[in-house]
Amino acid sequence: MARNAHERLIVALDFDRLAPAFQMASRLAGLAGMFKIGKQLFTAEGPRAVEKLARLGTGIFLDLKFHDIPNTVAGAVRAAAELPGVRLVNVHALGGREMMRAAAQAVAGRKNRPEVLGVTLLTSMDENALSKVGILGPPLKRALHLARLAKQAGLDGVVASPLEVAEIRRACGGKFLTVVPGIRPPASVKDDQSRVATPGDAIRAGADYLVVGRPITAAKDPRAAAKKILEEMSAALA
Ligand code: C5P
């Protein structure tokens, strides 16, 4: 499906309270294709955060990165699918094939079901950090392996680093969604991210969706920052 820049932009609302998250989402009206609710906001405010933000009419990516035994993850994915406006949910691919299969089956056949993604490797971890937890070798190779496993398990796509997205598309095909965090506009700070790319580069590499948090939400003028990113994405799409 062809998507324009605005549909492809997911803004991460990493706030610890619903009020500032809702305020930021309202400020960004019309500029984001989806809002991402992650562990910070969901742990603090629970499902009501989803219910309230969904009322803005913009889809929700519920980024809770489930990682548990298959039965528990399946139950969590089913519960996420019950919440209004949830279009994307995710699980850690490192949870294994059976766990991913259970997650996919939990919503299979459901009307308007959310798409289920596997997180390959966290974009905050570089090769050295990965080796310390026993994940050895180039991150690209490991991420590619996990993306293939996610596809075999029946997931709809993966969350992956912008540096891995082109290879994942080649290996898994254009219908397999790639959702890409670790986006940093040219000349901006990396924060705690490690394997990063600019919005233009991520789009040219074939990303379906870009997840952008602090470069927008911590900017002096979040609307202007989002517009600048959208311009760069549009130019890369053209
Ligand atoms: O502020 P920033 O743009 O770094 O936010 C990126 C968002 O994407 C965060 O909410 C983070 O939890 C999420 N994310 C990530 N790396 C992954 C998966 C999700 O950075 N592999």
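Predicted model: local features only at pLDDT ≥ 70, side-chain atom pairs only at ≥ 80, totals over all residues.
1. Three elements each contribute at least two residues to the lining of the largest pocket: β3 (59-66), β8 (209-212) and α11 (214-217). Of the elements, β3 gives the most, with 3 residues. Sorted by class, the lining of the largest pocket holds 11 nonpolar, 7 polar and 7 charged residues.

2. The second largest pocket has a volume of about 150 Å³. It is lined by 13 residues, and the closest to its centre are Arg-87, Leu-88, Arg-113, Glu-115 and Tyr-209. Strand β4 (residues 86-92) gives the most to this lining, with 3 residues. By class, the lining of the second largest pocket divides into 7 nonpolar, 2 polar and 4 charged residues.

3. The next points concern the packing of helices. Helix α2 (residues 18-27) and helix α4 (residues 47-54) have axes that come within 11 Å and cross at roughly 25 degrees. Because angles under 35 degrees count as roughly parallel, α2 is therefore roughly parallel to α4. The crossing in which α2 passes α4 is right-handed.

4. On the α2 side, the contact with α4 is made by Leu-18, Ala-21, Phe-22 and Ala-25. On the α4 side, the residues are Arg-48, Ala-49, Lys-52 and Leu-53. In terms of class, the contact of α2 with α4 comprises 6 nonpolar and 2 charged residues, with no polar residue.

5. Helix α6 (residues 97-107) packs against helix α8 (residues 139-152) at an angle of about 45 degrees, and their axes are 9 Å apart. The two helices, α6 and α8, are therefore oblique to each other. As α6 passes α8, the crossing is right-handed.

6. Which residues make the contact between α6 and α8? From α6 come Arg-97, Met-100 and Arg-101, while α8 supplies Leu-149, Ala-150 and Gln-152. The class count for the contact of α6 with α8 is 3 nonpolar, 1 polar and 2 charged residues.

7. Helix α8 also meets helix α9 (residues 165-172), and the axes of these two helices come within 10 Å and cross at roughly 40 degrees. The crossing of α8 and α9 is right-handed.

8. In the contact with α9, the residues of α8 are Leu-140, Ala-143, Leu-144, Ala-147, Arg-148 and Lys-151. They meet Glu-167, Ile-168, Ala-171 and Cys-172 in α9. By class, the contact of α8 with α9 has 7 nonpolar and 3 charged residues, and no polar residue.

9. The contact of α8 with α6 includes 1 polar residue, while the contact of α8 with α9 has no polar residue.

Definitions and conventions. Residues numbered from 1 in each chain as written. Heavy atoms only, no water. Axes fitted to C-alpha atoms, helices over the stretch in contact; angles between N-to-C directions. Helix = DSSP H or I, 4+ residues; strand = E, 2+ residues; numbered from the N terminus. Parallel < 35°, antiparallel > 145°, perpendicular 65-115°, else oblique. Left-handed = near helix turned anticlockwise from the far one by under 90°. Contact = heavy atoms within 4.5 Å. Nonpolar A, V, L, I, M, F, W, Y, C, P; charged D, E, K, R; others polar. 1 Å grid on protein atoms, 1.4 Å probe; cavity = no way out; pocket = protein on both sides within 12 Å on 5 of 7 lines; lining within 4 Å. Points joined across faces, edges and corners; volume = space filled by probe spheres on them.
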